[in-house]
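Thanks for coming, everyone. Please take a look at the model on the screen, and then I'll walk you through some contacts.

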Amino acid sequence: MTDATPPAPLLEVTDLVKHYRMRRGALSGGKPRVVPAVDGVSLRVYAGQTLAVVGESGCGKSTLAKLVMRIEQPDAGDIRFGGTPIADMPTHQFRQQVQMVFQDPFGSLTPHLRVGALIREPLVIHKTCPVAEMEQRVMQGLAAVGLSPDIAMRFPHELSGGQRQRVGIARGIATQPHLLICDEPVSALDVSIRSQIINLLLDLQHSRGLAYLFISHDLGLVNHISDQVCVMYLGKVVEYASAQSFFADPRHPYARALIASSPVPDPRRRGRPAAMTGEIAARASDERGCSFRGRCPMAIDRCASDDPALRAIVPGHLVACHRAEETAPG
Amino acid sequence: MTPGLQTSPADAAAAPQGKPVLEVRGLEVTFPAGGHRLKIVDGIDLTIHPGTVLGLVGESGSGKSMLARAVLGMVPYPGKVTAGTIAFEGRDLRGMAASQLQQLRGDRIAIVPQEPMTSLNPSFRIGNQLTEVLRVHRPRMNRSARIAQAVKMMELVGISYARDRLHQFPHELSGGLRQRVMIAMALLCDNVQLLIADEPTTALDVTIQAQILELFLRLQQSSRMAILLITHDLGVVAQTAHNVAVMYAGALVETAAVEPLFDQPLHPYTRGLIASLPRPGTIARKAHLPTIPGAVPRPSAVRVGCAFRDRCTFALDNPCATVRPVLEPAGPGRWVRCHRWRDIAAMTLVGPHR
Amino acid sequence: MAPVGATASRTRRVLDRLAAYPMLAVGLAILGGLLGLAYLTPVFVTLDPLAISGTTKLLPPGGAHLLGTDDLGRDVFARIVVGAHISLRIAFAATLLTAVFGIVLGMLSGQYRVADAIIGQISDALLVFPGFVLAIMILSAIGRSELNVILAVFVLYVPRLIRTVRASILEYRDADFVLAARTLGAGDLRILIIHIFPRAIGPVLVQLSLGFSSAILVEAGLSFLGLGSPPPAPSWGNMISGARDFTRTAPWLMIAPGAMIALTVLSLNLIGDGLRDMLDPRLQGRGRG
């Protein structure tokens, strides 16, 4: 990312908040708790680029996806698409522009519909083209994702995992959207198939100018395909930077631990994983201080009382940590 | 390299100490289907020495989980072990009576299964399930001794508040904790010679995975336990295993010590797998990743030629399409099942790229 | 693992499936026979179930009267056939009504909480009563006629169907593929009809076929008690009722309608069970490739 004024973002999320009411606390007695699944998240996705959202279970990335897709309504904050708040946009129009690719290629395809019907559905719903043209569009869609035309007659259970995911992608791009939310699109696929699907997504981005909001826990993959990276922990963004800047110089202790924990496929680079003990523990909404401090190797007193805000360490590289200046590169 | 952790795989691999813990020869597991029998495991040879980790790499359809079950004598009906031998500490497991096998399971051979979410009985407390293992295998232990042992193991695997957790139910624990409980259960009798871990960290977060893998290595160092680590994740294998065996469509296609395998993979499948991993530095950001075309084949009763040839860039019509390659020695401690491995070795340099 | 590849012709597949479920095939065969008996016979043979004759009373089966005659000289065979008409007509109408209302109300109930509260309350209230007793109560209140029998059976079975449909809707409402359809822009109605309902068809069909057989039984029972189709309609239940005084002297008068009821119910139960077996494991058998 250069210092020049960037173009207007395609998707802009500002201070998004979503709370869930939990009826029971696990270990801490029965008091009903309000859990902030998404706790003040801001991010931007630019046209034709990929923003990766990285985090582990409980970080809020799935909730974030649902909020951006308007499956759920936020409690506070603002989501704008192409400059317009999406709440002001008719749902119909929004769904033509923003689509989703799911993690489970089998579960996300209606089992009793044939592939042709599945791909045709968004065209029918949005009346994208006259009915006479739909068959042709379906065939084009299949070709665009590298499937042969005879796949249109098959049912999902007759296809392999990779083929199913391609169908999911074909369905998602049928209305020529500008933004695709990809929720762990290759995690459920065999390792030897993953790179095929990744290449497909890269090609589609290149040829159609698609923007991706790419949710993944696989940092190696994220490093390869993203332009910007956003790391989430317990509902908050803890680091936000260009992919280049992030992987060259990760600053937040959690981000560093994530990178260190990702097993590198090189046996000569074995070492102790970053001292990251404990588990993610949801906290009550009235707790102060940094939510990561319980597991942080660098926690100081200030971390218990002051919740660190996201601030720029270097232009374009934001970190939410009091001690971000001290974490040396490497 | 930080001290305290055995990080050099060469130590263990180069000088196998003593007799192997597990020796599998020619193992076949078949399932009936419409008149034929499908080979899910198609002639596997494996050797694991004490104090080493063997990483068994395979994707869905490779037969790796069925192999684990076969070793434990737990192939589900209507599948059957139809050929081969399985020797544990020199004793033949296939010929063993069911009761004897049962004695070994949980005591000297333990398994950490894939799904910690569903492997624990949701109706019983953790403490109950842990002590049950001891009740079966250590009948002379009294109640307080059992509880003490359970707590000791839980603490060993890094479960905090172990005494309190005894009274908890599985659903009250997170995935990582449940998996630790499964590991504690596997090690409870303090006598495990062979630990079979079937995708033990696939369902877990990456930071928890790192902790669990570190735990395995730590336990192994102190007790010289052998581990059969089944996974599809080459990263996990690179970080944890001393030796690697790669499975494809029910058969072994390559075995080697971990460093030689990653330095110079010989089988096209292994090469393809390693090459398809995003590796910053070797491939430009957002460039195409190398792929293995096609998909994993479904099990079949009859196979002509090499099972991988449809997806192989090195495949030739003759002999790859007609003659099934056999596992050949390809160097010290290395075996490859490929007609063209010599060509591949010659045309590649040290360092994995195509 | 399902075989990859194009599917064979439809008839072939259907026949293959039937071969795998012999009970279903038997049930269908018996039902087919009954339907043939009921609707094809009048084409070839003139039947008069109402013709009273003084001279041919209580004749045993054989000769001109295939199943004998009753105490009023009426041909039992003719009465059986027309009785089939009545039973099948009533059961069919009741089942159709149940299907339409049950499916619609069940879908509303599964989809909208308010609808669920209202429909659920009424339906639960109806389910409290033992079925047959409720039918008796209804007919005692509104009087006996064929239409009223249909209504009574409908009231009896629609709550059960509503429950079945509702359960299916609830099961799939939060499924991944439903969520996916929603993100594509599908509205509630489209999701219900195209995505969710086809998954409910299995349990619904099973329920309807068993409901059909119950309808036959209920109608027969009501007629037996004198609450069903008014005489001289040769409803099977009426026939059994009328045969009570002649169990020793003319057993065929009771055996014939009784056997017909038994056969019809048996065939429908076989069909229902066969459908259940056929559909359930298939739904799970659609495994991952």
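Which residues form one aromatic cluster with Tyr233(A)? The cluster is made of Tyr233(A), Tyr254(A) and Phe292(A).

Some ground rules. This is a predicted model, where local features need pLDDT of at least 70 and side-chain atom pairs count only at pLDDT 80 or more, while totals for chains, interfaces and linings use all residues. Residues are numbered from 1 along each chain as its sequence is written, chains are lettered from A and ligands numbered from 1 in the order in which they are written, and side-chain values use heavy atoms, leaving out hydrogens and water.

Back to the rings. Rings of Phe, Tyr and Trp (its six-membered ring) pair if their centres lie within 6.5 Å; planes under 30 degrees apart are stacked, over 60 edge-to-face, and the rest tilted. That rule gives ten aromatic pairs over all chains. One of them is Phe101(C) with Phe154(C), edge-to-face, with 5.5 Å between centres and 70 degrees between planes. These two come from distant parts of the chain: Phe101(C) is in helix α3 (residues 76-111) of chain C, Phe154(C) is in helix α6 (residues 146-173) of chain C, and they are 53 residues apart. Helices here are DSSP runs (H or I, at least four residues), strands are too (E, at least two), and both are numbered from the N terminus.

Phe101(C) has 40% relative accessibility, so it counts as partly exposed. Phe154(C) has 13%, so it counts as buried.

Another pair is Tyr172(C) with Phe177(C), which is tilted: 6.1 Å centre to centre, 45 degrees between planes. Tyr172(C) is buried at 14%. Phe177(C) is buried at 6%.

Rings also meet charges. A charge sits over a ring if NZ of Lys or CZ of Arg is within 6 Å of the ring centre and within 35 degrees of the ring normal. In chain A, the charged end of Arg70(A) sits over the ring of Phe94(A), 5.5 Å from its centre. In chain C, Arg244(C) lies over the face of Phe224(C), 5.0 Å from the ring centre.

Now the interfaces. The size of an interface is often given as the accessible area lost when the parts come together. Here, buried area is the accessible area (1.4 Å probe) that two parts lose on being put together, summed over both. Chain A and chain B bury about 4,300 Å², with carbon and sulfur atoms giving 49%. Contact means heavy atoms within 4.5 Å. This contact takes 53 residues from chain A and 57 residues from chain B.

How many salt bridges cross between chain A and chain B? A salt bridge is a side-chain nitrogen of Lys or Arg within 4 Å of a carboxyl oxygen of Asp or Glu. The rule finds three across this interface. One of them joins Glu259(B) and Arg268(A), at 3.1 Å from N to O. On the side of chain A that touches chain B, α6(A) gives the largest share, with eleven residues.

Next, chain A and chain C. They bury about 2,400 Å² between them, 59% of it on carbon and sulfur atoms. The contact takes 26 residues from chain A and 22 residues from chain C. One salt bridge crosses here. Glu121(A) pairs with Arg190(C), with the closest N and O atoms 2.8 Å apart.

Over all chains, there are 32 salt bridges. Among them is Glu12(A) with Arg44(A), at 3.2 Å from N to O. Glu12(A) lies in strand β1 (residues 11-22) of chain A and Arg44(A) in strand β2 (residues 33-45) of chain A, so this pair ties together parts 32 residues apart in sequence. Glu12(A) is partly exposed at 22%. Arg44(A) is partly exposed at 37%.

Last stop, Glu199(B). It is in the loop between β7 (194-198) and α9 (206-223) of chain B. Glu199(B) is buried, at 4% relative accessible area. Setting aside residues up to four places away in sequence, Glu199(B) touches Lys64(B), Gln114(B), Ile230(B), Thr231(B) and His232(B).

How values were computed
Buried means under 20% relative accessible area, exposed over 50%, partly exposed in between (1.4 Å probe, protein chains only).
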